[in-house]
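Please work through each task before reading its solution.

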Amino acid sequence: MSDRATIADVARAAGVSIKTVSNVLNRTGSMRPETRDRVQQTMRELGYRVNMSARAMKTGGIGLLGLAITSFDQPFMPYLADSVVDAARRRGYGVVTDTYGYERGLGSIIAETQRLAADGWIFFASRPFADRMLLKQPYPLVVIGDYPVFGMVDAVTMPNEDAVCDAVGRLLDRGCRAIALIGGLRAEHDDAGTDTNAEANDDVEAGRSCESSDEASTGGLRTRGYRRAHRDRGLPVDERLIRPTSWVQTGGRDAVAALLDDPGCGIPDALMCLNDAMAIGAIHELQRRGIRVPQDVQVCGFDDVPDGVDGIPALTTIDPHVNDYADHAVDLLLRRIQGSRSDAQVYTTHYELVVRESALANGRGGVERVR
């Protein structure tokens, strides 16, 4: 059959009313499961497709949300995308995803987002909004990430500084003194930042740090947490232990290799890696050199991505509650889609320190969640 089958054709072939078919399409009404199954089977057999243009004219929306992210080549972005899809699906929405890459930036796909059929968009910000016009779109918009949105749209962010301060503080309190910061920013750039979860960045790969003048970026906030933990305990920070790098597995590997090859540093007591991708790469490099984790060097990450659970050893990490992150982004967007004109708000998730084998373990086994 052709794709031109109509709702009337489906009703006639299934032996039900047009209203029943409509209820199946909209997941409304009450009917016997076998009736719903028969209607759905008939739609498949006839090749019936919802007329999205007609639905949009009738309802003012098509039931799709847009998600703009960097790429799928490193652990955090697929984890975030899955979380957004799950959150949207539980609310009866699907998700269309577009990627822009770190080199091109969000601005490169704005025209695409305006052509794609979505009732509203969630933008993941990997760099500051130098052009504020990016925040003025013809559709409802929510931004996730750590860069200021100037009160123009709703935003969702993470407790970057507090979380790293807590994790590093616990390592210091356990007697660690030489704690290297992988992916951090040295003193001259303390108020700057790297792209949030910057899994790829040409400037970094070329040997230059991915710095921003915006102090509210992820790298800057997490670096300040590291410094604050030392300052709160009256301890100095050794700038040689802060290693800027790309926020990818190879970045973590290369930063640790350079650290261990630096005659002025030696083997640190612990590594605080500013995302899990770097932590996984760091552990691989340590193990390649015969350095044991956690017996010789403890390693902590940030994000609690699924890949960290299955590593050997399993990764101790900061869980910024990505599911909550996604839930609030979707809820804020749906409010705007439904017509809310309230002032823009910023929501910050909570966090837990998830203690596994790679750091801070109590020796009794199992996983400990520290709020």
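The structure is a predicted model, in which local features need pLDDT of at least 70, side-chain atom pairs count only at pLDDT 80 or more, and totals for chains, interfaces and linings use all residues. Residues are numbered from 1 along each chain as its sequence is written, and side-chain values use heavy atoms, with hydrogens and water left out.

**Exercise 1. Overall description**

Task: State the secondary structure of the protein and the percentage of its residues that are buried.

Solution. Step 1: the protein has 14 helices and 13 strands; helices (H or I, at least four residues) and strands (E, at least two) are DSSP runs, numbered from the N terminus. Step 2: of the 371 residues, 53% are buried, where buried means under 20% relative accessible area, exposed over 50% and partly exposed in between (1.4 Å probe, protein chains only). Step 3: among contacts with a separation of 6 or more, 68% are between residues 24 or more positions apart; a contact means heavy atoms within 4.5 Å.

**Exercise 2. The seven-stranded sheet**

Task: Determine the strand order of the open sheet of seven strands and identify which strands stand at its edges.

Solution. Step 1: the order is E7-E6-E8-E9-E10-E12-E13, and the pairing is mixed; two strands pair if DSSP finds at least two bridges between them. Step 2: E7 (242-243) and E13 (368-370) each have a single partner strand, so one side of each lacks a neighbour in the sheet. Step 3: E12 (residues 352-355) pairs with E13 in the antiparallel sense over three bridges, and Leu353 stands opposite Val370 in E13.

**Exercise 3. Strand E9**

Task: Describe the partners of strand E9 and state how many of its residues are buried.

Solution. Step 1: strand E8 (residues 270-273) runs parallel to E9 and is joined to E9 by three bridges; Leu271 stands opposite Val299. Step 2: E9 also pairs with E10 (residues 316-319) in the parallel sense over three bridges, with Thr317 of E10 as the bridge partner of Gly301. Step 3: E9 (residues 298-302) has five of its five residues buried. In a regular strand the side chains alternate between the two faces of the sheet. Step 4: Gln298, Cys300 and Phe302 point one way from E9, Val299 and Gly301 the other way, and all are buried.

**Exercise 4. Aromatic rings**

Task: Classify the ring pairs that involve Tyr139, and identify which residue lies over the face of Phe302.

Solution. Step 1: rings of Phe, Tyr and Trp (its six-membered ring) pair if their centres lie within 6.5 Å; planes under 30 degrees apart count as stacked, over 60 as edge-to-face and the rest as tilted. By this rule there are three aromatic pairs. Step 2: Trp121 and Tyr139 are 6.3 Å apart, centre to centre, with 45 degrees between the planes, and the pair is tilted. This pair links Trp121 in strand E3 (residues 120-124) with Tyr139 in the loop between E3 and E4 (141-144), 18 residues apart. Step 3: the centres of Phe123 and Tyr139 lie 6.4 Å apart with planes at 80 degrees, so this pair is edge-to-face. Step 4: Trp121, Phe123 and Tyr139 form one aromatic cluster. Trp121 is buried at 0% relative accessibility, as is Phe123 at 0%, and Tyr139 is buried at 10%. Step 5: Arg222 lies over the face of Phe302, at 3.5 Å from the ring centre; the criterion is NZ of Lys or CZ of Arg within 6 Å of the ring centre and within 35 degrees of the ring normal.
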